[in-house]
Amino acid sequence: MSAPKPIVAPSLLAADLAQLGREVERVNRSGAEWLHLDVMDGHFVPNLSFGPDFARTVRPLTSLFLDVHLMCDRPEILIEPFRRAGADSITVHGELRDRVPELLEQIKKSGAKSGLAVNPDSSLELVLPYLKQIDLLLIMTVHPGFGGQQFLTEVVPKIQAAARERRRSGQAFRIEVDGGVDHGSAPQCLQAGTDVLVAGSYLFNSDNMAEAVAGLRS
Ligand code: DX5
Ligand code: ZN
């Protein structure tokens, strides 16, 4: 059986927000299946991006699966508001350590799919205990905080290790990569076992997003 077609999730962080409606329409027509929202709180990462009201603005503009990535120190105050704003999936960071179990519980209770992210400097061990209860494992391929960074190839073995662990355990979580994903780095991510490709600058800077989305998958 051939591997399922990889999901492409454009990150709105890289969009021209002065043309938000048009940019979301570009995504709707691009063949991408998900829309990725990078939420930054200025504490967990040295940048500030969108809040629940932004998600509420975006929700009616697209029927795509809304994949919310909380790079936030206190996601517990954002899970319900983002779910109410229309998030389909909510991801928190494994670096929040002993708070992860209660956060995943809270996401599940909200009715959203649950995701757990791991930064480039963190080992997979950090998230291993939770793999059986999450729908999505987000492996950061840049240090979180900014779009447009270079893909960190040293993270690829971590993707392979996550895919091996999934085969060994028979768990069903998807593997998502986020950061510096373009036509050069996507193939090694897919080869390593990635199911979902988040891409910001590569897609929004392209003059034909549908072609760029297709290019990521091939
Ligand atoms: C980093 C962000 C970026 C963004 C993708 O915190 O999460 O990875 O989604 O940006 P590009 O594709 O431009 O690296
Ligand atoms: Zn992200």
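His 69 is buried, with a relative accessibility of 0%. Buried means under 20% relative accessible area, exposed means over 50%, and partly exposed lies in between (1.4 Å probe, protein chains only). This is a predicted model, in which local features need pLDDT of at least 70, side-chain atom pairs need pLDDT 80 or more, and totals for chains, interfaces and linings use all residues. Residues are numbered from 1 along each chain as its sequence is written, chains are lettered from A and ligands numbered from 1 in the order written, and side-chain values use heavy atoms, without hydrogens or water.

Helices (H or I, at least four residues) and strands (E, at least two) are DSSP runs, numbered from the N terminus. Asp 38 is buried, with a relative accessible area of 3%. His 69 is buried too, at 0%.

## Two aromatic pairs

The structure holds two aromatic pairs. In one of them, the ring centres of Trp 34 and Phe 65 are 4.5 Å apart. Their planes meet at 35°, so this pair is tilted. Rings of Phe, Tyr and Trp (its six-membered ring) pair if their centres lie within 6.5 Å; planes under 30 degrees apart are stacked, over 60 edge-to-face, and the rest tilted.

Which strands does this pair join? Trp 34 lies in strand E2 (residues 34–40). Phe 65 lies in strand E3 (residues 65–71). The pair therefore ties together parts that are 31 residues apart in sequence. Trp 34 is buried, at 7% relative accessibility. Phe 65 is partly exposed, with a relative accessible area of 23%.

Phe 50 and Phe 54 form an aromatic pair as well, and theirs is stacked. Centre to centre, their rings are 4.2 Å apart. The angle between the planes is 10°.

## Two buried residues

Val 127 is found in the loop between strand E5 (113–118) and strand E6 (136–140). Val 127 has a relative accessible area of 0%, so it is buried. Leu 137 is ten residues from Val 127 in sequence. In space, their C-alpha atoms are 8.6 Å apart.

Leu 197 is part of strand E8. It is buried, with a relative accessible area of 0%. Leu 197 and Asp 38 are 159 residues apart along the chain. A distance of 14 Å separates their C-alpha atoms.

Glu 25 sits in helix H1 (residues 20–28). Its relative accessible area is 32%, so Glu 25 is partly exposed. How far is Glu 25 from Thr 62? In sequence, the two are 37 residues apart. From C-alpha to C-alpha, the distance is 7.6 Å.

Leu 48 has its place in the loop between E2 and helix H2 (52–58). It counts as exposed, at 63% relative accessibility. Leu 48 and Gly 86 are 38 residues apart along the chain. Their C-alpha atoms are separated by 20 Å.

## A positive phi

Arg 97 has a positive phi of about 50°, although it is not a glycine. Where does Arg 97 lie? It is in the loop between strand E4 (89–93) and helix H4 (100–110). At 54% relative accessibility, Arg 97 is exposed.
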